[in-house]
Amino acid sequence: MSSVSPMRSVNGMDSADKQSNQAARSPQKFSLPPDRAAYPGQTLRFKISELRVSFGAKEVLHGFDIDISSNIVTAVIGPSGCGKSTFLRSLNRMTETVRHARVHGDILLDDENIAGMDVVRLRRRVGMVFQRPNPFPKSIFENVAYGLRINGHKDSLSEAVERSLRRAALWEEVKDQLHSSAYALSGGQQQRLCIARALAVDPEVLLLDEPCSALDPVTTAKIEELLFQLKASCTIVIVTHNMQQAARASDFTAFLLEGRLIEYQPTPKLFTTPSDPRTEAYITGRFG
Amino acid sequence: MHASANMTERAALSKAPRAFLHRLRSGDEIAHIITLMFAALVVGITALLVYQLWIQSVLSRQKFGWIFFVTHVWDPLAGQFGALPFLYGTLVTSAIALILAVPLGLGTAIFLSEFSTPRASDIFAFLVDLLAAVPSVIFGLLGIFVMVPWLRTTVEPALQSTLGFLPLFQGPMYGVGFLAAGLILAVMVVPFIVSVSREVLIAVPREQREAALALGATRWEAIWKAVVPFAKTGIIGSVFLALARALGETMAVTMVIGNDPRISASLFAPGYSIAAVIANEFTEATGNLYLSALVELGLVLFMLTFVLNGLARLLVLTTRQRGAGHQ
């Protein structure tokens with residue numbers, strides 16, 4: 001464990017309060033989900049320490065530790081601009097697609113530092129779904145098969161496509177129009193198609209960056225249901241602007257504010273008895 | 001019933017002019033009328049052009065009919081006129097130009113939009129746009145004094161010794177000819193392809209790139225299998241813009257093509273193009289039939305451009321549908 005507590009960087013609290021807080025919680029309390037024992041079958045997937053990300057001269061994440069367990073849904077919440085998307089994108093090194101982006105600190109995926117991994121291999125293990133549905137201008141089938149094709153799979157494509165579409169709970173709706181354009185689908189279907197596309201290469205981790213922000217409540221519910229089913233087979237990290245969604249769909253929730261990790265707890269605990277006043281202020285809607 | 005219908009009609013009538021006047025004051029109707037007139041003028045000019053070409057070429061059309069397109073004799077003294085050598089020259093030189101310019105232009109555009117820094121890309125794009133603005137007579141001069149000697153002494157012998165088994169690269173090497181014209185056209189149309197394709201590639205949404213990268217695509221796979229397909233329609237558009245320029249280019253072509261109405265399989269041989277023959281022979285066309293034949297060539301060139309543009313539209317349409325429908 002890092003010796004640096006995320007609490008160290010907290011500002012705006014008087015020192016007595018700070019001290020008592022620090023005494024009350026061990027440093028790893030925020031970085032390691034404390035109730036991991038309550039979720040059997042989990043292992044540590046990501047072990048992240050002193051993560052700092054800056055774009056040019058502007059530092060967006062100011063250095064914090066967080067561990068993410070396998071086979072659960074971890075939600076990252078926080079107001080706009082708090083760095084939650086940047087955090088997510090650093091997990092599969094998508095930050096590198098931005099010019100002048102710099103990442104410091106260690107991100108270990110199954111005990112291997114991702115900075116030293118081949119980025120193509122990393123992204124095949126850590127899939128990603130984006131804020132806006134972004135299917136390719138191809139058929140539904142080709143969208144799902146894209147990842148398989150670039151990975152050199154040639155045979156049994158249709159089985160793999162069907163399996164992915166089933167996992168994304170889209171198969172029944174599209175099985176008769178696999179070869180028509182992905183753009184003919186509704187927004188929610190497109191987003192599930194993007195999930196199917198990401199699942200096709202069988203990632204160990206699925207990162208979702210506000211996947212429902214462009215969708216209606218019914219479709220959102222479908223996707224949340226989907227996450228619930230998917231966590232049996234992969235680790236899910238979801239960034240969301242929507243606190244209700246985090247409360248409904250996740251097992252653990254991390255609250256980020258201005259590039260710092262404020263609180264990281266089992267979701268029911270974070271939403272019912274948050275230990276930081278700022279978390280409470282945020283979840284009760286006093287800012288953000 | 002009738003009475004009431006009349007009443008409302010009359011009410012509407014008396015109201016309409018007032019509404020019109022009111023809107024006239026706010027400028028809507030004026031803007032509408034003026035812009036409509038401009039739009040009609042553009043269409044009218046095109047129609048007038050076709051009409052004039054049609055009327056002026058009546059002698060030649062009546063004398064030769066469809067034979068005009070398939071005879072290769074161009075003998076003003078004997079009053080024999082056939083369009084085939086010119087049609088051939090125009091198509092061959094344009095084809096050479098596109099075969100050379102499309103990979104070069106697309107490659108440059110991909111480099112500028114994907115690999116170079118935005119600043120360098122903008123500077124380079126500016127220079128490329130300058131290249132597009134160079135008058136074609138300058139290209140022609142460069143062609144005569146630099147390219148043609150180089151072709152004759154270096155390129156054509158090299159091609160003949162390596163690919164000489166193809167009829168394309170056989171026969172005497174003059175320097176001037178189809179290859180020279182195609183090459184100079186390629187240089188002239190590359191800026192169009194680079195400029196338009198670069199803009200289209202830059203406009204591809206970030207999400208498309210990221211979607212491919214997040215699936216474990218390499219940078220090149222993301223470009224070639226996600227970004228370029230997304231921009232396909234625009235890229236095809238840029239190619240046809242280039243083709244239109246190549247088909248109609250007159251000055252530079254006539255300076256290096258050799259101006260000899262012959263059809264040869266060899267790219268080294270001199271030829272002639274439609275635009276070049278019109279420009280060269282128009283002033284010395286003696287006799288109405290000669291003149292009329294030249295005008296008909298103009299009509300042919302116009303129709304060729306028209307047909308190719310139509311094909312381009314069709315291609316864009318079908319690739320769009322195929323992109324949507326094929327597996």
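Me: How many Å does helix α6 (residues 136-163) of chain B span between its end C-alpha atoms?

Reply: This is a predicted model, in which local features need pLDDT of at least 70 and side-chain atom pairs count only at pLDDT 80 or more, while totals for chains, interfaces and linings use all residues. Residues are numbered from 1 along each chain as its sequence is written, and chains are lettered from A and ligands numbered from 1 in the order in which they are written. Helices (H or I, at least four residues) and strands (E, at least two) are DSSP runs numbered from the N terminus, and the expected span of a helix is 1.5 Å times one less than its number of residues. A straight helix of 28 residues would therefore span 40 Å at 1.5 Å a residue, but the span of α6(B) is only 31 Å.

Me: On which residue is the kink in α6(B) centred?

Reply: The bend at a residue is the angle between axes fitted to the seven residues ending there and the seven starting there. In α6(B) there is a kink of about 50°, and the residue on which this kink is centred is B:Leu151.

Me: Which elements of chain B do the buried residues of α6(B) pack against?

Reply: A residue is buried if 20 or more other C-beta atoms lie within 10 Å of its own, exposed if 12 or fewer, and partly exposed in between, with C-beta atoms placed from the backbone. In α6(B) the buried residues include B:Gly143, B:Met147, B:Val148 and B:Leu151. The elements of chain B that the buried residues of this helix pack against are α7 and α11 (251-256).

Me: Which element gives the largest share of the side of chain A that touches chain B?

Reply: Two residues are in contact if their C-beta atoms, placed from the backbone, lie within 7 Å, and 27 residues of chain A are in contact with 20 residues of chain B. The elements that give two or more residues to the chain A side are α4 (119-125), β6 (126-129), α5 (140-150) and α8 (187-199). With 5 residues, the largest share comes from α5(A).

Me: Is B:Asn259 buried or partly exposed?

Reply: B:Asn259 lies in the loop between α11 and α12 (274-281) of chain B, where it has a positive phi of about 50° although it is not a glycine. Most residues other than glycine have a negative phi. Because 18 other C-beta atoms lie within 10 Å, B:Asn259 is partly exposed.
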